[in-house]
Amino acid sequence: MEKKFLYEGKAKIVYATENPDEVVVYYKDAATAFDGKKKGEIENKGYLNAQISAYIFKYLEKQGIKTHFLEVVGEREQRVKRLSIIPVEVVVRNIAAGSLSKRLGLPEGTDLPFPVVELYYKNDELGDPMINHYHVQALNLATPEEIKYMEDTALKVNSLLKEFFDSLNILLVDFKLEFGRFHDQILLGDEISPDTCRFWDKDTREKLDKDRFRRDLGGVSEAYTEILKRIKEKAE
Ligand code: C5P
């Protein structure tokens, strides 16, 4: 397959293929946090996230969620549909942590009575500020129908993944999704991995995600490896 460099992001490189409707995504070991202010590498992260994300997207597709995912094409690469990304990140939270704890003064680990959905404007220069439906319309980022579809889908993904990870003895604390336009459809895009979700072990509440990198807790690669191991055991 011939590949042509298209774009390099913080964690991934995107290549065009002969098919104008598809791209190949290469997952890097590079890790960033706090709007790119903290930089580092997580050993083997590219491989681990490419595999973890592939398992999750395949599972969601099987459950009827429309995604960009097509297939894994190498240890660290995926073939996916080429989306025009909607610059609105959708975050769903089940347990208070991270920026929600900080903003609202809710101690980390507080159960939320129902899933809380938040929207963020995907804009590196502005540091991805939180926005509401008014901002989405004022900035013309997406139509009201598109935002409704994205929020409804994010809540469906939350129900599916909460149950899936519960069966692996993992709490799904929160996660971020991105969507994109593909012809007349909206598809779930980007990745779902320990970079984009908070995962806690159900018994010990040990963090098994990027917070280990953000907070210098050590054992980052080991935590990602543990997530892939539990998913694989379940898949076999
Ligand atoms: O930092 P915050 O608490 O708002 O993050 C909520 C969730 O969204 C976390 O799981 C985090 O990893 C994810 N996130 C992300 N990319 C961002 C912001 C947040 O994957 N740009």
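This dialogue works through how to read several features of a predicted model.

Student: What kind of model is this, and how are its residues numbered?

Tutor: The model is predicted, so local features need pLDDT of at least 70 and side-chain atom pairs count only at pLDDT 80 or more, while totals for chains, interfaces and linings use all residues. Residues are numbered from 1 along each chain as its sequence is written.

Student: How many helices and strands does the protein chain have?

Tutor: Helices (H or I, at least four residues) and strands (E, at least two) are DSSP runs, numbered from the N terminus. In the protein chain there are six helices and 14 strands.

Student: What does the radius of gyration say about the protein chain?

Tutor: The radius is taken over C-alpha atoms, and the globule rule is 2.2 Å times the number of residues to the power 0.38. For 236 residues a compact globule would have a radius of gyration near 18 Å, and the 17 Å of the protein chain agrees with this. Along its principal axes, the C-alpha trace spans about 50 × 40 × 35 Å.

Student: What share of the residues is buried?

Tutor: A residue is buried if 20 or more other C-beta atoms, placed from the backbone, lie within 10 Å of its own, exposed if 12 or fewer, and partly exposed in between. Buried residues make up 34% of the 236 residues in the protein chain.

Student: Where is Asn 140 placed, and is this residue buried or exposed?

Tutor: Asn 140 sits in the loop between helix 3 (133-138) and helix 4 (144-166), and it counts as exposed because it has 7 C-beta neighbours inside 10 Å. Although Asn 140 is not a glycine, it has a positive phi of about 55°.

Student: Where is His 183, and what is its phi?

Tutor: His 183 lies in the loop between strand 12 (170-182) and strand 13 (185-189), and it has a positive phi of about 50° although it is not a glycine. With 8 other C-beta atoms within 10 Å, His 183 is exposed.
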